[in-house]
Structures are given as structure tokens and as C-alpha cells.
Amino acid sequence: ACALARTARAAVRCQATGTCFSAHAANGSYAEARNACGRKRGNLAWVSGEPELRLLLEMLAAEATAPSLFWVGLKRNASACTNTGQPLRGFSWEGVDGGAAPQEVPAALGRWAKEPVRSCLTARCAGLHLAAAAAPGGGPSWGWKE
């Protein structure tokens, strides 16, 4: 999986399970980022739990200047509505194992830098936003952002 944003250089981090994340310098749309990952034989990154999130945040915080927005595989289809009762607000992960990414995520992953627009009519994408200020406890301050 890869996350794309404006970074100084590419970085790669892997988990013991063999799942790897990479960050690449880019300044483009969600579709352009998805295509760029595909050319690298990957997909836009998705996060199913806190271990993946920690790995991704550590990598991105070390490589990026904050604030930064990284495209990940988080998308809400036009037929889906914003749902404030769900951690991902009606968004879901796309492009993993033929679209088999887990749709249920831990509540801890439901942090939004800015709440998404309430809609049931248009497809929307979201990225991982790193803020300039550190979070309490010293880690990077983050949230999803439409």
C-alpha cells in the first residue's frame, strides 16, 4: 500500500506480517494518487487497526513537513451517506485485495481533523492529515480530512 503526498523523499516501512507502506512525493488528485500507487504495484493505503496506524504515522511524521495531507484509500461512494455515528463517517477503504478491505474499524481510528460534508449525493475522498502541532503524549497530531 502507499500513501501519497508532498514529501521530500520516498520512505518505506514494513510490518512483520509483510505489509509495507511507502510515501511518495506528489501533488495531485485522489485518482492520480491511486493510479501512481497502481504503477508501483500497490494500492492507496488503508488502515484496519492501531498497529497499521502507528506505523504509518511514524513513517509520515519522520518524512513530511507538517501540516501535510496524504491520500489514502478512504472513499465514500455517491450512493453512501455521511454517517456521524460511524468512525469513518460512511467512508470505506477501497482497492485492497479486490475490494475486500475491512469496513469495520476500531473507534480509535475515527479521529477527524475536520468533519466531512454531510451528503448522500456525491462521491468524496479523504486523506490522512498531519497537523503542525504534536499531539498530547508526543506523537504526531493527525485526523482524517475530506
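The model is predicted. Its chain has two helices and eight strands. Of the 146 residues in the chain, 41% are buried.

**Fold and surface**
- Read from the N terminus, the order of elements is β-β-β-α-α-β-β-β-β-β.
- Among contacts in the chain with a separation of 6 or more, 63% join residues 24 or more positions apart.
- The accessible surface is about 7,600 Å². Carbon and sulfur atoms hold 50% of that surface.

**Nonpolar cores**
- The largest nonpolar core counts 25 residues. Leu56, Leu60, Leu74, Trp93, Leu128 and Trp144 have the most contacts inside it.
- Five elements are each the source of at least two residues of this core: strand 3 (20–25), helix 2 (50–63), strand 4, strand 7 (124–134) and strand 8 (140–145).
- Helix 2 contributes the most, with six residues.
- Beyond its neighbours within four places in sequence, Trp144 touches residues including Val72, Leu74, Trp93, Leu109, Trp112 and Leu128.
- A second, separate core has six residues, among them Tyr30, Leu44, Trp71 and Cys125.

**Aromatic pairs**
- The whole structure contains four aromatic pairs.
- Tyr30 and Trp71 pair edge-to-face, with 5.6 Å centre to centre and 90° between the planes.
- This pair links distant parts of the chain: Tyr30 sits in helix 1 (residues 30–39) and Trp71 in strand 4, 41 residues apart.
- Tyr30 has a relative accessible area of 5%, so it is buried.
- Phe91 and Trp112 form a tilted pair, because their planes meet at 45°. Their ring centres are 5.4 Å apart.
- Phe91 lies in the loop between strand 4 and strand 5, and Trp112 in strand 6 (residues 112–114). The two are 21 residues apart, and their pair also links distant parts of the chain.
- Both Phe91 and Trp112 are buried.
- Trp93, Trp142 and Trp144 make up one aromatic cluster.

**Thr82**
- Thr82 is in the loop between strand 4 (68–76) and strand 5 (92–93).
- Its relative accessibility is 12%, so Thr82 counts as buried; the cut-off is under 20%.
- The Thr82 side chain comes to 2.8 Å from the backbone oxygen of Val117.
- Apart from neighbours within four places in sequence, Thr82 contacts Arg76, Arg89, Pro116, Val117, Arg118 and Ser119.

Conventions:
Residues numbered from 1 in each chain as written. Predicted model: local features only at pLDDT ≥ 70, side-chain atom pairs only at ≥ 80, totals over all residues. Heavy atoms only, no water. Helix = DSSP H or I, 4+ residues; strand = E, 2+ residues; numbered from the N terminus. Buried < 20%, exposed > 50% of the residue type's maximum accessible area, 1.4 Å probe, protein only. Polar contact = N/O pair within 3.5 Å; in protein donor to acceptor, adjacent residues only side chain to side chain. Contact = heavy atoms within 4.5 Å. Areas by Shrake-Rupley, 256 points an atom, 1.4 Å probe, with all protein chains shown as cover. Core = buried A, V, L, I, M, F, W, Y, C linked by side-chain atoms within 4.5 Å. Phe/Tyr/Trp six-rings, centres within 6.5 Å; stacked < 30°, edge-to-face > 60°.
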